[in-house]
Amino acid sequence: MNIKPLADRVLIEPKAAEEKTAGGLIIPDTAKEKPLEGVVIAVGNGTKETTMEVKVGDNVLYGKYAGTEITYEGKEYMIMRQSDILAIL
């Protein structure tokens, strides 16, 4: 990965949105919810005040409006501060 987050930022690859309901109904693209889970791809070095608690490969849960969506080499990623991550799964 050529993207290196700075300070206390984390690069996350969001998990794909659900395509079907539990009952087998197909969800159209317009009705899909934004995923709130992802896998950590890269981690910054932290700051004097913040030590990095997440590491590459962690599955995390983040807030609905957290971070910034970016596209790199055709793939979607989220970049956010470590404080926007709610939990490590």
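Student: Where is valine 54 found?

Tutor: Valine 54 sits in the loop between S2 and S3. Strands (E, at least two residues) and helices (H or I, at least four) are DSSP runs numbered from the N terminus. This is a predicted model, in which local features need pLDDT of at least 70 and side-chain atom pairs count only at pLDDT 80 or more, while totals for chains, interfaces and linings use all residues. Residues are numbered from 1 along each chain as its sequence is written, and side-chain values use heavy atoms, with hydrogens and water left out.

Student: Why is valine 54 called buried?

Tutor: The relative accessible area of valine 54 is 7%. Buried means under 20%, exposed over 50%, and partly exposed in between (1.4 Å probe, protein chains only). Valine 54 therefore counts as buried.

Student: Which residues is valine 54 in contact with, leaving aside its neighbours within four places in sequence?

Tutor: Contact means heavy atoms within 4.5 Å. By that rule valine 54 meets Val10, Val43, Val60, Gln82, Ile85 and Ile88, once its neighbours within four places in sequence are set aside.

Student: What makes glutamine 82 count as buried?

Tutor: Its relative accessibility is 11%, which is why glutamine 82 falls in the buried class. Glutamine 82 lies in the loop between strand S5 (75-81) and strand S6 (85-88). Apart from residues up to four places away in sequence, it touches Asp8, Val10, Thr50, Thr51, Met52, Glu53 and Val54.

Student: How far does the backbone nitrogen of valine 54 lie from a polar atom of the side chain of glutamine 82?

Tutor: The distance is 3.4 Å. A polar contact is a pair of N or O atoms within 3.5 Å; within protein, one must be able to donate a hydrogen and the other to accept it, and residues adjacent in sequence count only if both atoms are side-chain atoms. The 3.4 Å pair between the valine 54 backbone nitrogen and the glutamine 82 side chain is listed as such a contact.

Student: What is the case for aspartate 58 counting as buried?

Tutor: Aspartate 58 has 10% relative accessibility, so it counts as buried. Like valine 54, aspartate 58 lies in the loop between S2 and S3. A polar atom of the aspartate 58 side chain is 2.9 Å from the backbone nitrogen of lysine 55. Not counting residues up to four places away in sequence, aspartate 58 touches Gly38, Val39, Val40, Glu53 and Ile88.

Student: Why is leucine 61 called partly exposed?

Tutor: Its relative accessible area is 29%, and therefore leucine 61 is partly exposed. Leucine 61 is in strand S3, and its bridge partner in S6 is alanine 87. Leucine 61 and leucine 89 are 28 residues apart in sequence and 6.9 Å apart in space, C-alpha to C-alpha.

Student: How many bridges join strand S3 (residues 59-62) to S6?

Tutor: Three bridges join them, and the two strands run antiparallel. Two strands pair if DSSP finds at least two bridges between them, which means that S3 and S6 qualify. S1 (residues 9-14) is joined to S5 by four bridges, with valine 10 partnered by methionine 80. S1 is also joined to strand S2 (residues 37-43) by five, and there proline 14 stands opposite glycine 38.

Student: What is the order of the strands in the sheet?

Tutor: Six strands form an open sheet in the order S4-S5-S1-S2-S3-S6, with antiparallel pairing. Strand S4 (68-72) and S6 are the edge strands, since each pairs on one side only. The chain has six strands and zero helices.

Student: Which residues make up the largest nonpolar core?

Tutor: There are 11 in all: Val10, Ile12, Val40, Val43, Val54, Val60, Tyr62, Ala66, Met78, Met80 and Ile85. S1, S2, S3 and S5 are the elements that give two or more residues to this core. A nonpolar core is a set of buried Ala, Val, Leu, Ile, Met, Phe, Trp, Tyr and Cys residues joined through side-chain atoms within 4.5 Å. Among its members, valine 54 is buried at 7%.

Student: What share of the residues in the chain is buried?

Tutor: Buried residues are 26% of the 89 in the chain.
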